[in-house]
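Work through the exercises below with the structure open beside you. Try each task before reading its solution.

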Amino acid sequence: MIARRSAWPTRAAWFVVVAAFVGGTAVPLIAVVSQARTAGGDALIAEVVSWRIGRILVTSVGQALVATALALVVGTIAGWCHVRLDFRGRSLVWAASVIPFVMPAIVIAAGVRSLVAGEVSWTVIVLTHASMNVVVVMRAVAARLSSVDPSIEDAARTLGCGPGSAASRTSLAASVGAIASSGLLVATFCLTAFSTMLVLGGGRKTTLEVEIWIQATRLFRLDIASALAALQMVIVLVFMFLAAVVRSPDAARGGLAPADPVRRRPRGPSERGLVAASSALVLLSASVPLAALVGGAFRSNGSWTLDHVASLAHSVPGTSGVASPLESFALSAALAVVAAILTMFVAVPAAVVVARTGRVARLADQLLVLPLSASAAVIGFGWFLAYRSPPVDLRGSMWAVPAVQAAVCVPIVLRLLVPQLRVVRPDLSDAALVLGAGPWRRIRVTVWVPLRRAVFTGAAVGFVLALGEFGASAFWSRTGTPTVAQMIAGLLSRPGSDRQGTALALALLVGVSAVAVFTLPELVRVWLRLRSSRHIAARVPAT
Amino acid sequence: MTLHRIRQRSRGATGRRTRVVPLMAVSMLIVGSAVGCSDDATPRDASSVTLVTYEGYALPEAPAEQFRSETGQRIEVLASGDGGAALTRVLAASGAPEGDVFFGVDTTFLSRAQESDAFVEYRPEGLQGVDPSVLDPGGALTPIDEATVCVDYDQTWFAQRQIPPPTSFEDLIDPRLADLTVVIDPAVSTPGLAFVAATAATFGGDVTDYWQALSDNGVAIAGGWSDAWFTRYTVSGGDRPIVVSYASSPPAEVVGSDDPTAVPATAVVTSTCIRQVEYAGVLRGAANPSGARALIDEMLSDRWQAALPLSNFVLPIRSEIELPDVFERFAVRPERPIVVDPATIGRQRDAWISAWRSVME
């Protein structure tokens, strides 16, 4: 070390991270636990004795496990097919697989709701959850398999294994850790799904996540709600802990893959069948809800019409003083921009802190994942318990919704930023210091340049997450200014084809915005590349 | 290169670079504005009073206009959700309300409102002619109107099929009337909870068996009164001829139809009627408390009370107010409606709702 480097940017980053963690996660979760301990205990025991909560617990975990099993089967097969085989439409399936996952859940839920008349069965709910999360398994398996030597499968075939067991006993056996940890992640997502359960459950079917919301905001039983929230936290933490544990060193097995694996054509009817089936399922899960939305938003009584789109500009009949659907969309978009800015404000310093090596950084990594673990409803409810009385009373404030959404988005965006920083050489900052760079220049070199693209993607992800966010902001609803997710769910919960049509048109608007925002970083990247290539062309003198 | 020059010039006398505003100050600013900020969509100034209520509430036009010309204050209505949902939102926002007056606390939820600190005490003058048993002892809530919740049925539907219509709660669990009834979710709907309270008062400890029998007999559950009435009820084109609604639904039907000689298709099962009183209260922390008090006084005035039957199809709480002709002819006034003490409802409400949800899911 040559000179004492100025520590204040690092200290500022730590301050932001600690303040965000304490204010955004620790205080709310402590509020939930303390409320549960003081008031919830007796109430929970009384409810458990009436065995209703036990039944809700069983259905919540049960549907999560069944959906996970489905996602695991389809995702593993699809991931294997993507890495090992070459078939027409492979890139399309890969790209389409991510759609049900990044699309806001309320949009998918609205699409599925419009397909089913009357009550939605548990089968449909489980299928929806599985289709939304299959990409998690698919990408985890594909990432793992791409580092496994494909020739071990051929070796197994040579030694007499059939086509199915050759793959499963070699490559997939070497990927058990990836499969298991992605499966636990999917189970967590299915367990904490809020939008789908609220919209598809129709009030008759509930899981723990939705029950917390019903008890807190519909029945105003904060004691039961806090007990349920504490229970949910425990279950989710168990899942996340197991996921971290099973991510065991797979690397020891499987051998090293060649740098550029060659894919082969599917051999035999069974392989072709697997490819067709898994690709069809992935494509269907990507397209069916959105196609249903388009169909429902533009049709009324069997004929094509723009009435539903026109109804977006008018207040919902029967309500008074409440924003129209279009106004609520505009408001949600504005709040989502604020939420995205807040998210990046916390996530960038957090990424700097977490990307370092060392025990403290690993601890920070675990803690900042916590909101993801605690589920959106628990976070929203925790904020509601913690921040509704002086000194911090956010109830009248427009900051409540973007702030609580940022608390939910930060861990996800963090996962995008950290890998970019981990590849930066640690002595880069020292080299810059030697060359005379001040603290801002050093930050620019070590933080901004590697993160530049990820920041745009992260901001886009944060915006889309906040736009469609429901679980946390559902505890902060204001009568006159509902968020777009609250408006869609409210419209869908009242029978009447007009309201359904308006809800679907609004959901379609949200879906289209999400797609537009996600393609924006790609366009920016293409534009930057064009601009830099033009500069190079300008500097090289013509010879 | 320009950036470098700017940074060179910013060096102070000691040669050290002037510090840019630290991140800490910026984050303090944001936190501070979050705490202090209080935006709301509804205009809250002295020239308007905001009335928070449930969806489907009809403001009596003429009295509201006269109120405005006399006091200079416009009545803004903020209405969304059913009665129970609107009340829980008010309770959650206690101290930082979205409006000045809340209307829609009824007998079944009265104790919930009384136990909270969302309302401030106000005892208006105009309560003569009001049955003292409905008055709120704490003074936080003022009775405004009376609605009787009953099981209604479509008498023309039953007459066409020559099926004897229901005459009591027991008839609803009779297999010959299977799949014909729609009730309302008591967790969020005031008439829904009133129906539950009425069954509990009738069957006592065996009421959960009655609910189970209802469920086995194919009862449908609507999310709110307007869903039940306008979507599920046969008079509106639905498939269920028996619906939980009000004793004032027959005259409401006549008023809503275009034919002046119409006779209502809806009849009332009088043995299932339970009396409901609706209350209004001034919200604690309201922006316009004086306007709120003036509005409650106005709601007890002759002109407002007289306009209630034809706007919201409820009876005025002041018994000496004259009713319109259509009400005199078609409104059903049950001789002995079920009356459940609000304190009893308050004690049992959560247990009832929990047991109901267990049975019905």
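**Exercise 1.** With which residue does B:Glu98 form a salt bridge, and how far apart are the closest N and O atoms?

*Solution.* The model is predicted, so local features need pLDDT of at least 70, side-chain atom pairs count only at pLDDT 80 or more, and totals for chains, interfaces and linings use all residues. Residues are numbered from 1 along each chain as its sequence is written, chains are lettered from A and ligands numbered from 1 in the order in which they are written, and side-chain values use heavy atoms, without hydrogens and water.

Start with the test: a side-chain nitrogen of Lys or Arg must lie within 4 Å of a carboxyl oxygen of Asp or Glu. The partner of B:Glu98 is A:Arg478, with the closest N and O atoms 3.8 Å apart. B:Glu98 sits in the loop between α4 (83–92) and β3 (101–106) of chain B, and A:Arg478 in the loop between α22 and α23 (484–492) of chain A, so the pair joins two chains. (Helices, H or I of at least four residues, and strands, E of at least two, are DSSP runs numbered from the N terminus.) Last, check burial: B:Glu98 and A:Arg478 are both buried. Buried means under 20% relative accessible area, exposed over 50%, and partly exposed in between (1.4 Å probe, protein chains only).

**Exercise 2.** Find where A:Lys205 and A:Glu119 lie, then decide whether each is buried or exposed.

*Solution.* These two form a salt bridge, with closest N and O atoms 3.3 Å apart. A:Lys205 is in the loop between α11 (195–201) and α12 (208–218) of chain A, and A:Glu119 is in the loop between α5 (105–115) and α6 (122–145) of chain A. The pair links distant parts of the chain, 86 residues apart. A:Lys205 has a relative accessible area of 13%, so A:Lys205 is buried. A:Glu119 is at 52%, so A:Glu119 is exposed.

**Exercise 3.** How are the ring planes of A:Trp383 and A:Tyr387 set?

*Solution.* First, the total: the structure holds 22 aromatic pairs over all chains. In this pair the ring centres are 5.1 Å apart and the planes stand at 75°, so the pair is edge-to-face. The cut-offs for rings of Phe, Tyr and Trp (its six-membered ring) are centres within 6.5 Å, with planes under 30 degrees apart stacked, over 60 edge-to-face and the rest tilted. Now burial. A:Trp383 is buried at 7% relative accessible area, and A:Tyr387 is buried at 10%.
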